[in-house]
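Hello,

Here is the structure I promised to pass on to you. Have a look at it first, and then read my notes below.

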Amino acid sequence: MFKLFIAIYHLEKIKDLIEKNFIRSKNIWLAYLLAIFFGTFGLHRLYLKKNGLKMLLITVLTLGLGVIITCPILIMDLFKIPDWVKDCNNINNTSPTEKNIQTNQSSKHINNTVTSINLNESMSTSSRLNNSLSANIEETNSSNIDKPRNSQVISYYFKPKLQPVMEFKPKTKTHKKSTRTKTNSSETIKISKLRKLRDDYVVVDIETTGLSPSEDKIIQLSAIKYIDNKEIAVFNEYINPHTKLSDFIINLTGITQDIVDCGKELNDIKDDFISFYGDLPLVGHYINGFDIKFLIANNLIIKNVSTIDTLPLARKLDLENAKLPTVKKFLGINNNSHDSLDDCYTTNALYQFAKKNF
């Protein structure tokens, strides 16, 4: 038994050694070995996150003749490897919190040294960024349960943080994925999943009695139309599910039984919602995995539609999770979570933030 404990202890030491030298930080000797033995394939560049795909493509596509090109590059890389390893380790050893602290300290230092003209320019830049987020969020009570709810449109104002928690690299490729979803009828609706962020779109969010599109009902349907990134129309309705709400749903959404009992019939608002979004792409947080399934199951989508999911955008923020309540804290938004209209404004704020920074 004692030998077993010793073996486990040594295994943990070996594991920590591997994580420290090869996972959490980059090892310079491993980088040199990759450069010496696999340098023409760019593996040392891939290891140090310096884009070795170009060397790999040159070597493969030229059937080995690319070695003539990659060898001089490799010789120059041997002198750069120490600096690359140092840069990688500096990035890995700095946590997101430390990055924010360093950024804030740097910002304070700059603010103390710039002239009044630079301060005015900084203020105008901040004003332009706030105006570009197009939502006007007024500070409200952070409680989701006790806040009275109605179908009226509320004026919103918020000030998002001006700096992301990590450095972003913009994507230039614009791919388009398509899936087909069966409806209740014999027809099939084609869903085009867009990756390029558009200027004309409709943000959509729903609240439901559960997670099953075939068994549960929609109790709140909200949408905001944006043309040239500016809000032009709001759709917000409570829907009568003709069923009793669970205590969990009431506590989660703040929507009471009395509110849905006085809500509209789904069939009465169906045509209005379909004409509201028209041919514009639908933007939503996890829309491809949740909202669009409920909309199709309730015949609220009757033709081919394009979607933009903001969930992958939230995952780039390096937060503890990609949920909307966490995102709105990062953006400095104070509104209700699990209220579909409020969630539409939060989703649009994330969408606009992504357009500016990704």
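To start with the surface: the accessible area of the protein chain comes to about 21,400 Å², and 56% of that belongs to carbon and sulfur atoms. Please keep in mind that this is a predicted model.

On the overall fold, the protein chain has 14 helices and nine strands. Of its 358 residues, 39% are buried. Among contacts with a separation of 6 or more, 63% are between residues 24 or more positions apart.

The largest nonpolar core has 26 residues, and L221, F273, L282, I292, L295 and I301 have the most contacts inside it. Strands β4 (188-194), β5 (201-208) and β6 (218-227) each give two or more residues to this core, as do helices α10 (266-277) and α11 (287-297). Take I292 as an example: beyond its neighbours within four places in sequence, I292 is in contact with I191, L282, I287, I301, V305 and T307. There is also a second, separate core of 14 residues, including A314, L331, L350 and A354.

Helices α2 (28-38), α3 (43-47) and α4 (53-61) each supply at least two of the patch residues, with α2 giving the most, four residues.

Happy browsing, and best wishes

Conventions
Residues are numbered from 1 along each chain as its sequence is written. This is a predicted model: local features need pLDDT of at least 70, side-chain atom pairs count only at pLDDT 80 or more; totals for chains, interfaces and linings use all residues. Side-chain values use heavy atoms; hydrogens and water are left out. A nonpolar core is a set of buried Ala, Val, Leu, Ile, Met, Phe, Trp, Tyr and Cys residues joined through side-chain atoms within 4.5 Å. Buried means under 20% relative accessible area, exposed over 50%, partly exposed in between (1.4 Å probe, protein chains only). Contact means heavy atoms within 4.5 Å. Accessible areas come from the Shrake-Rupley method with a 1.4 Å probe; for residues, only the protein chains shown count as cover.
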